[in-house]
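Colleague: I have a model open and would like to go through it with you. Can we start with the overall picture and then go to single residues?

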Amino acid sequence: MEKEIIGLDQKDISEGTKAGLKKYENLNFLERYALYIGVAQILEMRLKQILVNEFGEIFDNLEEWTLGRVLSKFKKEGIREDFILLADSVKDARNYIVHELISNEAIWHSLAKSEPEHYSKGARTLDKAIYEIEQLMFILEWNDENGKWNENCT
């Protein structure tokens, strides 16, 4: 007998996110940064894969698309609004982290002469972004496995 799938609740999402965060344990700032960038690339590829599998897009046409463009296509296709809201937040954090975080951290540490173990604003920003992307990855996997892309959470 198949298990009836109703939906995710806060506890499911929290536990799934927590499991995803384990890989960041005991990593220093640069290691967490590198892992985050890798997860962001995997996220972008998975979203493109969903456009191919669920909406008939041709992968070669998507290869050069940015994460923002992919999310715009998701919006046009009527993908879950709750997913899109979180994905937009992840996209904005990813853009900041990729383009500005490291240089801002270097400037901060050179000006403030702070100790490397200081929990800087950049480290806090990265850790928040890591939490959000791992939450989004869990929700993406769940939606993909359960065919829930066109339903909104209740």
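Colleague: Of the contacts in the protein with a separation of 6 or more, what percentage comes from residues 24 or more positions apart?

Modeller: That is 68% of them. Keep in mind that this is a predicted model.

Colleague: How many helices and how many strands does the protein have?

Modeller: There are 6 helices and 0 strands. Read from the N terminus, the order of elements is α-α-α-α-α-α.

Colleague: And what share of the residues is buried?

Modeller: Of the 154 residues in the protein, 39% are buried.

Colleague: Which residues have the most contacts inside the largest nonpolar core?

Modeller: Tyr 36, Leu 43, Leu 47, Phe 74, Phe 83, Leu 126 and Ile 133 do, in a core of 35 residues. At least two residues of this core come from each of α2 (29–55), α4 (67–76), α5 (81–112) and α6.

Colleague: Take Leu 47. What does it touch, not counting residues up to four places away in sequence?

Modeller: Leu 47 touches Leu 67, Val 70, Leu 71, Phe 74, Phe 83 and Leu 140.

Colleague: Switching to α1 and α6. At what angle do their axes cross?

Modeller: Roughly 115 degrees, and the axes of α1 (residues 10–21) and α6 (residues 121–146) come within 8 Å. The crossing is right-handed.

Colleague: Which residues meet there?

Modeller: From α1, Asp 12, Ile 13, Gly 16, Thr 17, Gly 20 and Leu 21; from α6, Ile 130, Tyr 131, Glu 134, Gln 135, Phe 138 and Ile 139. By type, the residues of this contact are 6 nonpolar, 4 polar and 2 charged.

Colleague: Next, Lys 91. Where is it found?

Modeller: In helix α5. The side chain of Lys 91 is joined to that of Asp 92 by a polar contact of 3.2 Å.

Colleague: What is Lys 91 in contact with, leaving aside neighbours within four places in sequence?

Modeller: Leu 67, Gly 68 and Leu 71.

Colleague: Last one, Leu 30. Is it buried or exposed?

Modeller: Leu 30 counts as exposed because its relative accessible area is 54%, and the cut-off for exposed is over 50%. Leu 30 lies in helix α2.

Colleague: How far is the C-alpha atom of Leu 30 from that of Ala 123?

Modeller: The two C-alpha atoms are separated by 9.5 Å, while Leu 30 and Ala 123 are 93 residues apart along the chain.

Definitions and conventions
Residues are numbered from 1 along each chain as its sequence is written. This is a predicted model: local features need pLDDT of at least 70, side-chain atom pairs count only at pLDDT 80 or more; totals for chains, interfaces and linings use all residues. Side-chain values use heavy atoms; hydrogens and water are left out. Axes are lines fitted to C-alpha atoms, for helices over the stretch in contact, and angles run from 0 to 180 degrees between N-to-C directions. Helices (H or I, at least four residues) and strands (E, at least two) are DSSP runs, numbered from the N terminus. A crossing is left-handed if the near helix is turned anticlockwise from the far one by less than a right angle, and right-handed if clockwise. Contact means heavy atoms within 4.5 Å. Ala, Val, Leu, Ile, Met, Phe, Trp, Tyr, Cys and Pro count as nonpolar, Asp, Glu, Lys and Arg as charged, and the others, Gly among them, as polar. A nonpolar core is a set of buried Ala, Val, Leu, Ile, Met, Phe, Trp, Tyr and Cys residues joined through side-chain atoms within 4.5 Å. Buried means under 20% relative accessible area, exposed over 50%, partly exposed in between (1.4 Å probe, protein chains only). A polar contact is a pair of N or O atoms within 3.5 Å; within protein, one must be able to donate a hydrogen and the other to accept it, and residues adjacent in sequence count only if both atoms are side-chain atoms.
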